[in-house]
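Take a moment with the sequence and the model before reading on. Then follow the chain through its parts, one step at a time.

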Amino acid sequence: MENTNSNHYQPDEIDQIILQSLQADGRKSFSDLAKEMGMAVSTISKRYMNLVDCGILTIVGRVEPERVGLNAYAAIQVQVDTVANVERVAQELLELPEVSFLALRTGDFQLEINVMCRDNTHLMEILRNQMDKISHVRKYEINMYLKVYKWGRSGRSDVGVSVS
């Protein structure tokens, strides 16, 4: 295992196995991981804490939107009047509680956000009462997701693994 104080820490093969296992089941115990990998629980625990401390691993609870009444999910591409104003607009968009994703992108629209709303009426309220009031937004385009087949993590099991 390399120096963990570096911002350039590269997970080794053991770290990658831990990451893959936790991607498949984020509630897996250190005991179960240790047993599967033939290692001591303390080793797994230390490596886990190292991955968290280095910012490689973040633990989040993902809520199923439909189960909590968020039934309208949309992608909104945002065109900003000048490049100089992109960061300002991004910061204002980040303050909207409905925003679940925000990215700088290429093309005619500089920003893309995903919003989770109760229904289409809620979405329209956001557009009228919040989006329309953000300075420097030239225009926006909305695409509704009719059905989401997959949320969250990559389906690849080999992400980041480099075994020689």
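**From a loop to the whole chain**

Glu66 sits in the loop that runs between H3 and strand S1 (72-80). Is Glu66 buried or exposed? Glu66 is exposed, with a relative accessible area of 62%. The cut-off for that word is over 50%. Now look for Arg118. Glu66 and Arg118 are 52 residues apart in sequence, and their C-alpha atoms are 8.7 Å apart in space. Keep in mind that this is a predicted model.

Step back to the whole chain. How many helices and strands does the protein chain have? The protein chain has five helices and four strands. Along the sequence, they follow the pattern α-α-α-β-α-β-β-α-β. The protein chain has 164 residues, and buried residues make up 30% of them. Contacts tell about the fold as well. Take the contacts between residues at least 6 apart in sequence: 64% of these join residues at least 24 apart.

Go to the helices next. Helix H1 covers residues 13-24, which is twelve residues. From the first C-alpha to the last, H1 reaches 17 Å. That is close to the 16 Å expected at 1.5 Å a residue. Which residues of H1 are buried? They are Asp15, Gln16, Ile18, Leu19, Ser21 and Leu22. What do these buried residues pack against? Their partners are helix H2 (30-37) and helix H3 (41-53).

Look at the start of H1. Asp12 caps the N-terminal end of this helix. One of the side-chain oxygens of Asp12 lies 3.1 Å from the backbone nitrogen of Ile14. Asp12 also takes part in a salt bridge. Its partner is Arg47, and the closest N and O atoms of the pair are 2.9 Å apart. This pair links distant parts of the chain. Asp12 is in the segment before H1, Arg47 is in helix H3, and the two are 35 residues apart.

Arg47 has another partner to find. Asp15 forms a salt bridge with Arg47 too, with the closest N and O atoms 2.8 Å apart. Here again distant parts of the chain are linked: Asp15 belongs to helix H1 and Arg47 to helix H3, 32 residues apart. Together, Asp12, Asp15 and Arg47 are linked in a network of salt bridges. Why can such pairs form at all? Side chains of opposite charge can pair when their charged atoms come close.

How open to the outside are these residues? Asp15 has a relative accessible area of 0%, so it counts as buried. Arg47 is at 9%, so it is buried as well. The cut-off for buried is under 20%. Asp12, at 23% relative accessibility, therefore counts as partly exposed.

The structure holds five salt bridges. One of them joins Glu36 to Lys28, with the closest N and O atoms 2.9 Å apart. Glu36 is exposed, with a relative accessible area of 52%.

Now turn to the strands. Strands of a sheet pair through backbone hydrogen bonds, either parallel or antiparallel. In what order do the four strands of this sheet lie? The order is S2-S3-S1-S4, the sheet is open, and the pairing is antiparallel. The edge strands are strand S2 (99-104) and strand S4 (137-145), and each pairs on one side only. From one strand to the next, the twist averages 20°.

Zoom in on one pair of strands. S2 and strand S3 (residues 111-117) run antiparallel, and five bridges join them. Follow two residues of the pairing. Phe101 has Asn114 in S3 as its bridge partner. Ala103 has Glu112 in S3 as its bridge partner. S2 and S3 form a hairpin, with six residues between them. In the turn sits Gly107, with a positive phi of about 100°.

End with one more backbone angle. His136 is found in the loop between helix H5 (120-129) and S4. What is the phi of His136? It is near 80°, a positive value in a residue other than glycine. At 29% relative accessibility, His136 counts as partly exposed.

Note on methods
Residues numbered from 1 in each chain as written. Predicted model: local features only at pLDDT ≥ 70, side-chain atom pairs only at ≥ 80, totals over all residues. Heavy atoms only, no water. Expected span 1.5 Å × (residues − 1). Buried < 20%, exposed > 50% of the residue type's maximum accessible area, 1.4 Å probe, protein only. Contact = heavy atoms within 4.5 Å. Polar contact = N/O pair within 3.5 Å; in protein donor to acceptor, adjacent residues only side chain to side chain. Salt bridge = Lys/Arg side-chain N within 4 Å of Asp/Glu carboxyl O. Pairing = 2+ DSSP bridges. Axes fitted to C-alpha atoms, helices over the stretch in contact; angles between N-to-C directions.
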